[in-house]
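Hi everyone, thanks for coming.

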Amino acid sequence: MRVLIIGAGLGGLTLLHGLRRAGIDACVYERSPRHGGQPASYGIHLDADGLRALHDSLPAANWKQIDADATPAPMIIRFHDPRGGVLATIDKRFPANATDPVTRRRAISRGKLREALLLGTGNDINPSVHWQKQFERYDITSSGVRAHFADGTYADGDILIGADGSNSRVRRQRLPELERQDLGIINIAGRVPLSGELAAELPAAFTDGGINNVVPARTGWMFLSTWATGDPDNTDVSHGADRYIVWAWAAAEATYPTGIGALDGGQLKQLVSERIPGWGRPLQALVEATQPATINTVPLRTMPLLPDWEPSPVTLLGDAIHNMTPMAGIGANTALRDADQLRRTLTAGHDPLDAISRYENAMRRYANQALKLSTRNATNAALAAPANRTAFRTLLRIGTHLPALQRKMFGPTVR
């Protein structure tokens, strides 16, 4: 069997390793050059699903590199009022995941994870990743699939996997009716080195690697999280600090000025500052300390819930099929889960078309759950009516004294 994978993202590279370890001939075709062309990124939290997928798919050397580069990340979610008071804390550090050497939750920069996944793929004589190969279209042939590239070349295989991101050309041809939806929500996001006076001013709860939500009484929502610095392919803004803090202000697009996408970082910074008057000094200091060059807008889009479709020799994984908002923090982990699920079905001895059908049936089930959660979190944060926001804040406060209510709202691990 020969498998063509379009896209050298996290899911595509994980699948590449998993298939090649199983003795399957697989290659990745990526439109960007080997170095550069990668968007600036903040990092991801690797959960149990993502870590199991990486551990089970990768050669020992790649896993060892990830294990060395990642840092422990507590699964703690806090809700604060704008003055910094804690409304509720959700502690999901399950004992098994906290101690298991494979599944204990970790944080890693996307650049470092990508470099670990590229380890062992650079054989000049017989490379497994082909760079600067822009996919244009595929043809179903009598023997499988032929992928055509912009440079006039093509590649033949038995199966083609679209792992080419949210604007997937493979999806556009395979499932043209399936399009991303605009949620009418825009995040303004920035990042700032965690050092000097700012580091001293921020409370420990903002800098311990947990996920923090600031919930004002009416509109808007702020997210905060801390990450280790360093991405191999991107200019680092750490200025010597070993960590930086990422923040994002989420609100309905209708609440912003017309043409917000054309505003520069300084104008966006001013816009956020004007929306947090009276907030606690540490939160205001965080926005003030952010360099305008790091601030941009992120319109939130999502795929709809995935319907059933008939399997073919062409399938998709990751953002190419279930692009979701960042509001649940599970998009990358779901892509890694896809890679592992597809690896398992393709190496289980099934007919290739049957293997793809089994993969797609399983993927739709867990991907639709992830899409629901991600969209719900985004709409609750940015589109909730003031009365709903007030009720939510009240429940958070009451839940502090009523564990049974907290368990009903967030599950049994809330404290």
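I'll talk about salt bridges, then a pair of strands.

Quick note first: this is a predicted model, where local features need pLDDT of at least 70, side-chain atom pairs count only at pLDDT 80 or more, and totals for chains, interfaces and linings use all residues. Residues are numbered from 1 along each chain as its sequence is written, and side-chain values use heavy atoms, with hydrogens and water left out.

So, a salt bridge here is a side-chain nitrogen of Lys or Arg within 4 Å of a carboxyl oxygen of Asp or Glu. By that rule we get 16 salt bridges.

Take D67 and R106, whose side chains meet at 2.4 Å, N to O. D67 sits in helix α3 and R106 in strand β7, so this pair ties together parts 39 residues apart in sequence. For helices and strands, I mean DSSP runs, H or I of at least four residues and E of at least two, numbered from the N terminus.

Is R106 buried or exposed? It's buried, at 2% relative accessible area, while D67 is partly exposed at 33%. Buried means under 20%, exposed over 50%, partly exposed in between, using a 1.4 Å probe and protein chains only.

Next, R78 and D208 form a salt bridge at 2.5 Å, N to O. They're 130 residues apart, with R78 in strand β5 and D208 in the loop between α8 and β14.

There's also a network of salt bridges linking D56, D340, R343 and R344.

Finally, the strands: β9 and β10 pair in the antiparallel sense over six bridges, where pairing takes at least two DSSP bridges. They make a hairpin with two residues between them, and F135 has F149 as its bridge partner in β10.
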